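Hi,

Here is the structure I promised to pass on. Have a look at it first, and my notes on what I found follow below.

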Amino acid sequence: MNVAMVLEMAADALGDRVAFGGLDDGLTYAELRRAARAVAQRIDEDHGKATTVAVIDALAPIVPAALFGAAWAGVSYAPLNFRLPDAQLDELIARLQPAVIAAPNWVDTEFATAREFPGAPEMPAVVLFTSGTSAAPKAAVLRHDQLLAYVFNTLEFGSAGDHEAAIVSVPPFHIAGVAAVLSSTYIGRRIVPLPRFTAEDWIETAQREGVTHATVVPTMLARIVQVMEGDPGARVPTLRHLAYGGARMHTSVLERALHLMPETDFVNAYGLTETSSTVALLGPDDHRLALYSDEPLFKNRLASVGRAVPGIEIRIADPAGAEVAADVPGEILIRGEQVSGDYVGSDSKVDADRWLHTGDRG
Amino acid sequence: MANQMGKRYMCTVCEATVLVTKAGEGELTCHGVVMEMPAAAPLPSSD
């Protein structure tokens with residue numbers, strides 16, 4: 001298993017479709033595959049024998065090219081927070097050594113050579129630093145088969161129509177940013193990058209590109225709602241689908257958003273870095289039921305993260321690990337093929353029965 | 001034909017399931033029977 005197969009399938013079946021950028025000047029899936037091979041070539045040329053490629057850029061072609069290029073070269077892909085001061089970046093890079101840093105011009109396909117499709121690498125596919133509350137950030141590891149379990153269990157290949165476009169404003173060093181690249185590529189939905197988020201730019205870009213899908217974190221939605229409330233012209237009529245997650249969503253913001261965008265399907269996605277992103281979804285029907293029904297059973301759904309995705313088990317447990325009764329709070333435990341919970345240089349959060357102890361209360 | 005790129009096919013006899021990752025000419029069979037596409041309700045997008 002190698003995550004590069006996601007791009008391989010897209011390039012084989014949808015090669016001329018735009019993968020990333022605008023319809024006129026974006027990279028097609030075939031071009032993105034050449035860019036990934038070019039990155040792999042550059043990694044191979046590194047005489048330090050790097051086992052990780054670090055990317056310290058905002059969303060740009062180098063991001064998907066390095067994610068898949070790393071897989072081609074059999075090394076790990078480590079996107080880093082480009083807003084960190086140099087001293088902190090140096091510390092993170094030191095923990096990834098032997099590592100090489102990708103330059104944006106590595107996508108230049110002049111360097112792409114033909115190469116045999118790679119086998120299953122030893123190195124994990126992705127390393128993401130999770131911001132800890134106290135000490136140094138932990139380096140969470142996601143393996144090829146875990147990420148592919150997420151892709152194959154929750155998505156249908158090439159299912160996006162060629163008019164679809166997803167505006168991506170989550171950063172590359174966040175699990176949502178990694179998932180956005182993998183998912184969009186597998187289903188064939190064009191990525192419209194928004195490297196620096198402002199609500200006004202988000203609305204303007206989405207209007208201009210005819211964006212149909214979006215994923216936002218709650219603070220972004222709050223800002224978008226504010227701008228929309230102040231300007232009736234600030235609407236994205238093509239937006240069929242809005243997913244949100246990454247932090248707790250305030251019900252008041254969500255209700256205002258639902259009223260401002262009644263034609264849009266809303267989805268709450270719950271997941272962690274350690275679970276290769278989404279493990280539970282609250283779908284559009286539940287959102288509309290909650291908004292328009294008077295029944296408390298349905299209204300309360302807005303506070304729920306929904307139902308587990310295929311292949312995932314979720315349990316709410318007491319401190320001893322025993323499952324608690326319905327409506328009793330406890331720790332959220334998650335199990336499934338897409339779940340990791342492994343770190344470089346820290347203990348795994350997965351117990352002997354393969355349950356991930358999330359530390360989340362639910 | 002049971003050979004479309006990216007589609008899942010299942011054996012009606014043993015329930016083995018495969019995913020086609022590279023298109024080819026042949027048709028997938030298992031236990032001597034052409035494999036079928038299981039009916040699956042797609043999930044809403046989350047990314």
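Predicted model: local features only at pLDDT ≥ 70, side-chain atom pairs only at ≥ 80, totals over all residues.

Residues are numbered from 1 along each chain as its sequence is written, and chains are lettered from A and ligands numbered from 1 in the order in which they are written.

On confidence, the model scores ipTM 0.86 and pTM 0.93.

Chain B contains zero helices and four strands, counted as DSSP runs numbered from the N terminus (H or I and at least four residues for helices, E and at least two for strands). Along the sequence the pattern reads β-β-β-β. The C-alpha trace of chain B spans about 40 × 25 × 15 Å along its principal axes. Taking contacts in chain B between residues at least 6 apart in sequence, 38% join residues at least 24 apart; a contact here means C-beta atoms, placed from the backbone, within 7 Å.

Now to where the two chains meet. Chain A contributes 28 residues to the contact and chain B eleven residues. On the side of chain A that touches chain B, the elements giving two or more residues include α1 (4-14), α5 (144-154), α6 (175-187) and β12 (265-272) of chain A. It is α6(A) that gives the most, with five residues. By class, this side of chain A has 14 nonpolar, eleven polar and three charged residues. The classes are nonpolar for Ala, Val, Leu, Ile, Met, Phe, Trp, Tyr, Cys and Pro, charged for Asp, Glu, Lys and Arg, and polar for the others, Gly among them.

Within chain A, the domain assignment gives domain 1 (4-9 + 16-146) and domain 2 (311-362); such bounds come from an automatic or database assignment. The C-alpha centres of these two domains of chain A lie 29 Å apart.

Strand β16 (residues 331-336) of chain A is mostly covered, with five of its six residues buried. Strand β15 (residues 312-317) of chain A pairs with β16(A) in the antiparallel sense over six bridges, pairing being called when DSSP finds at least two bridges. There, A:Ile314 has A:Ile334 in β16(A) as its bridge partner. Strand β18 (residues 356-361) of chain A also runs antiparallel to β16(A), joined by three bridges, and A:Glu331 stands opposite A:Arg361 in β18(A).

A:Val305 sits in the loop between α11 (296-299) and β14 (307-308) of chain A. Leaving out residues up to four places away in sequence, A:Val305 touches A:Asn268, A:Tyr270, A:Ala280 and A:Leu282.

Best wishes

Terms used. Contact = placed C-beta atoms within 7 Å. Buried ≥ 20, exposed ≤ 12 C-beta atoms within 10 Å, placed from the backbone.
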